[in-house]
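Here is a short tour for anyone meeting this protein for the first time. Have a look at the model, then read on for the sheet, the pocket and a few charged pairs.

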Amino acid sequence: MKRDVAYMEVAMEEARAAEKRGEVPIGAVLVNRENAEIAARAGNRTIELSDPTAHAEILVIRDVCQKEGAQRIPDYDLYVTLEPCAMCTAAIAFARIPRLVIGAQDPKGGAVFHGPRFFEQSTCHHKIELEQGVMADEAGQILKEFFQARRR
């Protein structure tokens, strides 16, 4: 869907900005389902904030929850450049986000399609619509280049 690509491009901008800050290049965008406007956007800031929970997904969820004055934000869709980890996947479920659009998959650390497959667990009471592979090549490439540069 064209709209998914447009929002993922914004998430990629956040990933590139995170990379420039020396952070793992992952970006996220929360979009209001009613008016299709971007409500929050962020890239990883774990190093900058000295906070291991400052993943892009967590930052945008916190931002919108604070703006809404609510712990659940079922009126927002989440776009993220990389398959979320277990921590972020749990936060997505607890926030009751109805739709998650993922760029690249993460066989090592992902928790949606890999590892714990969080949304498939009987303990997860949240049903979510999943879309994967939106701009997957670009999202995967920025991460590949980032980690190759770190190994040199």
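## The sheet

Two strands count as paired when DSSP finds at least two bridges between them. With that in mind, take β3 and strand β4 (residues 99-104): 5 bridges join them, and the two run parallel. One spot to look at is Leu82, which stands opposite Ala104 in β4. Keep in mind that this is a predicted model.

Now zoom out. The sheet is open and has 5 strands, in the order β2-β1-β3-β4-β5, with mixed pairing. β2 and β5 (129-132) sit at the edges with a single partner strand each, so one side of each has no neighbour in the sheet. From one strand to the next, the twist averages 15 degrees. As for how strands hold on to each other in general, they pair through backbone hydrogen bonds, either parallel or antiparallel.

## A helix and a pocket

Helix α4 (residues 136-151) lies across β3 and β4, and its direction makes an angle of about 60 degrees with β4.

α4 also turns up at the largest pocket, where it gives the most to the lining, with 4 residues. The whole lining has 21 residues, and those nearest the pocket's centre are Ile26, Leu82, Asp106, Leu143 and Phe147. The space in this pocket comes to about 410 Å³.

## Charged pairs

Side chains of opposite charge can pair when their charged atoms come close. How many salt bridges does the structure hold? There are 9.

Start with Asp77 and Arg33, whose side chains meet in a salt bridge at 2.4 Å, N to O. This pair links distant parts of the chain: Asp77 is in strand β3 (residues 76-82), while Arg33 is in the loop between β1 (27-32) and β2 (38-43), 44 residues apart. Are the two partners buried or exposed? Asp77 is buried, with a relative accessible area of 9%, whereas Arg33 is partly exposed at 42%.

Helix α2 has its own share of pairs. Arg62 and Asp51 form a salt bridge through their side chains, 3.7 Å from N to O. Because Arg62 lies in helix α2 (residues 56-68) and Asp51 in the loop between β2 and α2, the pair ties together parts that are 11 residues apart in sequence. Arg62 is partly exposed, with a relative accessible area of 37%. Lys67 and Asp63 make another salt bridge, at 3.5 Å, N to O. Both of these residues lie in α2, 4 residues apart, which is about one turn of the helix. Lys67 counts as exposed at 56% relative accessibility, while Asp63 is partly exposed at 28%. Elsewhere, Asp4, Arg99 and Glu129 are linked in a network of salt bridges.

## Around His55

Where does His55 lie? Look in the loop between β2 and α2. His55 is partly exposed, with a relative accessible area of 22%.

Leaving aside neighbours within four places in sequence, His55 is in contact with Asn44, Thr46, Cys85, Met87 and Cys88. Take Met87 from that list: His55 and Met87 are 32 residues apart in sequence, and their C-alpha atoms are 9.2 Å apart in space.

Terms used. Residues numbered from 1 in each chain as written. Predicted model: local features only at pLDDT ≥ 70, side-chain atom pairs only at ≥ 80, totals over all residues. Heavy atoms only, no water. Salt bridge = Lys/Arg side-chain N within 4 Å of Asp/Glu carboxyl O. Buried < 20%, exposed > 50% of the residue type's maximum accessible area, 1.4 Å probe, protein only. Axes fitted to C-alpha atoms, helices over the stretch in contact; angles between N-to-C directions. Contact = heavy atoms within 4.5 Å. 1 Å grid on protein atoms, 1.4 Å probe; cavity = no way out; pocket = protein on both sides within 12 Å on 5 of 7 lines; lining within 4 Å. Points joined across faces, edges and corners; volume = space filled by probe spheres on them.
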